[in-house]
Amino acid sequence: MKRLAAVLVTALLLLAAYSLPEGKVTGPCANCHTMHNSQSGEAMATYGADGKPWKGSGQGQALTRGSCLGCHGQGLSTHIDPITGAPQVYHSGTTDLAGGNFRYIETGGDSRGHNIIDLGNADSVLTYPPGHRHLDDDPNAVAAFTCAGANSCHGRRVNYGGISGIPALKGAHHRNPDDGKCTVADQVYNSYRFLDGIKGLENNGTYKWQNFDAANHNEYFGATSPLKSGCTGKCHEGGGSSSSPIRPQIKTISSFCATCHGNFHVWEEITTFSVDPLRGIVFGKPFTRHPTDVVVPAGGEYSAYTAYSVQSPVARTTVPDSISSTVTPGTDIVMCLSCHMAHASNYPDMLRWDYDQMVAGGGGSGGCFTCHTSKK
């Protein structure tokens, strides 16, 4: 009986570790790592909580049991792995994480999200990111887009000669802030959601990793003026060469998106790049693209947006200590994620809502009308 009690206590402690509101990975090392990846000379089987093999094959990098999706994209029926507690960016459930669900690309087509090569579902339409500010043969082209490292979003990003995959995240899972508040953002581990150089407050509460409701969501960092054009001191660290790390200096979530979709973000109109349907034209005044990293106007129709909506989230000019359920026009910020999801959504163009249902004067609600209240 004493031995049984000890086993039960150990099991309860392990289960408690999965529910801790911490940023760091907790629980048995074997959930993520293997020391040898062999048994009797054969490759070690790596299975998810539902018994299905983890995505990826062969020995993982940094002694991991699988790839990024091997942990976070197992295709489970839930958005959280019930065994390891790992958030799932690819699943078949009905509850999504704040970034969305890559499965929508399979069910709705390429326009639903970012076509990461890890999913084996190459983009059949785009050859480089819309609003891209570099040459067509830039390795940041969508054909090479992946989860972490070079040609990615997460981890340390150096597109020319940089590493990809888990090595670009090495150590980050074990060091990120327990309270989710990322205000330094000078390394991958202390950056918001391992987006190198980005500030923010991660939702590590009951609904961690989710934008669940007005009281349970991520807090994004924004600025009152968009990223300026050019490389040095803008998108690249140091001298701005193609081999220097990509880390936007204003540290906002929208400036991060701008490292690939720059023509949709910066102020100046640039004439040195060719204009075509994919790249578009850099907006100036009046805007030819919806502005981001600008303040929600304090007057007019915008003044009615005061209760935080996870359908149209805003950014803050300082990273708060806690989640706020209110919006302050004249202070809070419009950002890229006010309209779009980061990974994928169930609507075209990765939007948070069905744009075809946004009918001016039609008595609708949500979506565009969250800010543009007089248009509904």
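These are my notebook entries on a predicted model of one protein chain.

**Entry 1: ground rules**

I number residues from 1 along each chain as its sequence is written, and my side-chain values use heavy atoms, with hydrogens and water left out. Since this is a predicted model, local features need pLDDT of at least 70 and side-chain atom pairs count only at pLDDT 80 or more, while totals for chains, interfaces and linings use all residues.

**Entry 2: confidence**

I looked up pLDDT, the predictor's confidence in each residue, from 0 to 100. The protein chain averages 81, and 75% of the residues score at least 70. Residues 47-57 are one of them, and the model has 29 contacts for them beyond four places in sequence; a contact means heavy atoms within 4.5 Å. Residues 269-284 are also under 50, with 44 such contacts.

**Entry 3: overall layout**

I found four helices and eight strands in the protein chain. Both are DSSP runs numbered from the N terminus: helices are H or I with at least four residues, strands are E with at least two. Along the sequence the pattern reads α-β-β-α-α-β-β-β-α-β-β-β. The chain has 376 residues, of which 46% count as buried. Here buried is under 20% relative accessible area, exposed is over 50%, and partly exposed is in between (1.4 Å probe, protein chains only). Taking contacts between residues at least 6 apart in sequence, I see that 51% join residues at least 24 apart.

**Entry 4: Asp96**

I went to Asp96 in the loop between helix H2 (68-72) and helix H3 (103-108). Is Asp96 buried, partly exposed or exposed? Asp96 counts as partly exposed because its relative accessibility is 21%. With neighbours within four places in sequence set aside, Asp96 is in contact with His91, Asn101, Tyr104 and Gln210. Two of its partners are also held by polar contacts between side chains: His91 at 3.0 Å and Tyr104 at 2.6 Å. A polar contact is a pair of N or O atoms within 3.5 Å; within protein, one must be able to donate a hydrogen and the other to accept it, and residues adjacent in sequence count only if both atoms are side-chain atoms. I also checked Trp209, which is 113 residues from Asp96 along the chain, and the two C-alpha atoms are separated by 9.2 Å.

**Entry 5: cysteines**

How many disulfides does the structure hold? I found zero. A disulfide is counted when two cysteine sulfur atoms are within 2.5 Å. The sulfur of Cys68 has its closest cysteine sulfur in Cys147, and the 4.7 Å between them is too far for a bond. Cys336 is in no disulfide either, the nearest cysteine sulfur being that of Cys257 at 4.1 Å. Cys68 counts as buried at 14% relative accessibility, and Cys336 counts as buried at 18%.

**Entry 6: salt bridges**

A search of the whole structure gave me seven salt bridges. The test is a side-chain nitrogen of Lys or Arg within 4 Å of a carboxyl oxygen of Asp or Glu.

I looked at Asp196 and Arg247, whose closest N and O atoms are 3.1 Å apart. Asp196 lies in the loop between strand S3 (181-182) and strand S4 (200-201) and Arg247 in the loop between strand S5 (219-221) and helix H4 (253-258), so this pair ties together parts 51 residues apart in sequence. Asp196 is buried at 0% relative accessible area, and Arg247 is buried at 6%.

Next I took Lys375 and Glu301, which meet at 2.7 Å, N to O. Lys375 is in the segment after strand S8 (333-334) and Glu301 in the loop between strand S6 (294-295) and strand S7 (315-316), 74 residues apart. Lys375 is partly exposed at 40%, whereas Glu301 is buried at 12%.

Arg316 and Asp332 form a salt bridge at 2.8 Å, N to O. Arg316 is in strand S7 and Asp332 in the loop between S7 and S8, 16 residues apart. Both are buried. I also noted a network in which salt bridges with shared partners join Arg156, Asp196 and Arg247.

**Entry 7: Lys251**

I ended at Lys251, in the loop between S5 and H4. Lys251 is buried yet has no salt bridge, and Asp186, the nearest side chain of opposite charge, is 7.0 Å away. For charge, Lys and Arg count as positive and Asp and Glu as negative; His and the chain ends are not counted. The Lys251 side chain does reach the backbone oxygen of Ala185 at 3.0 Å. Leaving out residues up to four places away in sequence, Lys251 touches Val184, Ala185, Gly197, Ile198, Lys199 and Phe221.
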